[in-house]
Amino acid sequence: MNLRMISTTNSRHRNSEKGTHKNTKLPALGASLAVPVVSASTSMALPSHGMQELLLPSRGIRQLLSPMPSLSTFPAHTSISVSMERSASPRIVCRSGFLKSAAAVKVIVSNGRPDGERGEIRLGLPSKGRMAGNTLDLLKRCQLSVEQLNPRQYVADIPQLSNLQVWFQRPEDIVRELLSGHLDIGIVGLDTVSEYGQGNKDLIIVHEALDYGHCRLSLAIPKYGIFEKIKSMKELALMAQWTDKKPLRVATGFTYLGHKFMKENGLKYVSFSTGEGALEAAPAMGTADVILDVVSSGTTLRENNLKEIEGGTVLESQAVLVASRKSLVQREGVLDTTHKILERLEAHLEAVSQSMVTVNMTGSSAEEVAKRVLSLPSLSGLEGLTVSPVFRKRDEEVVADCYAISICVPKNMLDISVQQLRAIGASRVLVSPLTCILDEGSPRWQQLLSELRL
Ligand SMILES: Nc1ncnc2c1ncn2[C@@H]1O[C@H](COP(=O)(O)OP(=O)(O)OP(=O)(O)O)[C@@H](O)[C@H]1O
Ligand SMILES: O=P(O)(O)OC[C@H]1O[C@H](OP(=O)(O)OP(=O)(O)O)[C@H](O)[C@@H]1O
């Protein structure tokens, strides 16, 4: 929802004796700019100094569409700011500096067009393919549930994030729209950001490892024929076959990265053909010599008699959270919403990489038990470990000769950690999953602020 204002000056309306101004009757803006205005807009007198308030009915806001009037109609000494709260009756406050003559301001409330003036924050998510489902799953696990009325609808809400609109788009379009200002934040593969972002500094990777969509962009060559003995990019570049007239033909959907990569690797004679799917068939069909495509398990390459070579990986990719620098700096609320999303992603991703291990251990004191555990270098916890006495009844007496130790262990170290704990006397190992780790300072957030010079 946007607000736009114009003002006109008209000294005839100045009442110098009383020092007040009358509302100026303004011509119908909608008519003059040929944009349909669904219902009448409203105007207000602007004082030469001070503040003017206007209350708008929220119903009117939904009904009105706005043209984009030029602000050049403001008198030179006018400074006007509009602030608006999202409430049942939004309030518009106009502050003016010194005005040479009386002014009237016409306020037009729109539903968000054109895009440069939109009020909502927009998050782009992949609309189809493997990234789509995984992205929604991840957000759900972060307690950010995307509410889409039906799967064919391309716009949705995340109730936990106010003033945020989700737009489902193809991954490459998400990157393009971040650059054009139609989106503010997005989640896509790093390969897509790198290819379609083309190194544009407006794109900032806010979280570089969302832990799905893992793949690599690789050059793959046939295992047979002239490539049979070729094992590296160096050897490929040294092949005498490639000339100006007969360049190495590469089939790829990644021409920007492809050009760059080939140049960096000293391949001068290269031509590209673009394709979207089933590129692995191109060499066997004779439409290309080699391919440059994403590889995950390597099965598709193997099944098509192709191989990767040393130095042939262009980049390692996984899903990332990316934002437009311009939006982060200029659009109200984008930085704050990005922070909220980042916090939830980090809290969840950090938690799922850890397990909480609780063991019982006998010992002479809490310190002695703690020393025994901390002597193992892999068992240092996130910020140390918790040791608490376990009280037991023995011969009518309550004793505490045993301690419960709770420690966070990286999931990939779980087996070895349990073995080590057992070796130093741990009994009964309890392992529980963590759902959320809310750390105080986030290096990624600090990094983002410093990148934005904030
Ligand atoms: N085999 C794969 N394994 C894991 N991630 C992949 C794989 N292939 C692609 N990706 C990631 O998913 C993103 C989207 O892939 P892609 O454009 O091929 O769409 P898709 O999910 O295959 O759907 P479609 O082919 O129908 O468009 C890629 O940019 C990449 O980051
Ligand atoms: O190394 P692998 O695990 O075999 O995965 C690699 C394949 O995955 C992608 O294709 P996808 O399955 O998305 O189909 P597409 O060609 O229609 O994009 C990619 O284009 C490869 O063909």
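Let me start with helix 5. Eight of its eight residues are buried, so to speak of cover, helix 5 is mostly covered. Buried here means 20 or more other C-beta atoms within 10 Å of a residue's own, with exposed at 12 or fewer and partly exposed in between; C-beta atoms are placed from the backbone. Helices (H or I, at least four residues) and strands (E, at least two) are DSSP runs, numbered from the N terminus. The buried residues of helix 5 include Leu190, Val193 and Tyr196. Asp191 and Glu195 are buried there too. Just after helix 5, Gln198 takes a positive phi of about 50°.

Some ground rules. This is a predicted model, where local features need pLDDT of at least 70, side-chain atom pairs count only at pLDDT 80 or more, and totals for chains, interfaces and linings use all residues. Residues are numbered from 1 along each chain as its sequence is written, while chains are lettered from A and ligands numbered from 1 in the order in which they are written.

Next, confidence. pLDDT is the predictor's confidence in each residue, from 0 to 100. The protein chain has a mean pLDDT of 80, and 74% of its residues reach 70 or more. Residues 1-42 are below 50, yet this stretch has 106 contacts in the model beyond near neighbours in sequence. A contact means two C-beta atoms, placed from the backbone, within 7 Å. Residues 56-91 also stay under 50, with 89 contacts beyond four places in sequence. Where pLDDT is low, the predicted coordinates should not be read in detail. The model scores are ipTM 0.95 and pTM 0.74.

Now ligand 1. It is surrounded by 15 residues, the closest being Gly129, Arg130, Gly189, Cys215 and Ser296. A residue counts as near if its C-beta atom, placed from the backbone, lies within 6 Å. Helix 3 (130-141) and helix 5 (190-197) each supply at least two residues of this shell. The shell divides into four nonpolar, eight polar and three charged residues. For those classes, Ala, Val, Leu, Ile, Met, Phe, Trp, Tyr, Cys and Pro count as nonpolar, Asp, Glu, Lys and Arg as charged, and the others, Gly among them, as polar.

Take Ala278. Where does Ala278 sit? In the loop between strand 15 (270-274) and helix 8 (282-285). Why is Ala278 exposed? Because 12 other C-beta atoms lie within 10 Å. The C-alpha atoms of Ala278 and Asp293 are separated by 9.8 Å, at 15 residues apart along the chain.

Then the cores. A nonpolar core is a set of buried Ala, Val, Leu, Ile, Met, Phe, Trp, Tyr and Cys residues joined through C-beta atoms within 7 Å. The largest has 37 residues, and Val193 and Leu210 are among those with the most contacts inside it. Strand 18 (residues 319-324) supplies the largest share, five residues. A second, separate core of 24 residues includes Leu217 and Phe261.Leaving aside neighbours within four places in sequence, Leu210 is in contact with residues including Leu138, Val320 and Leu345.
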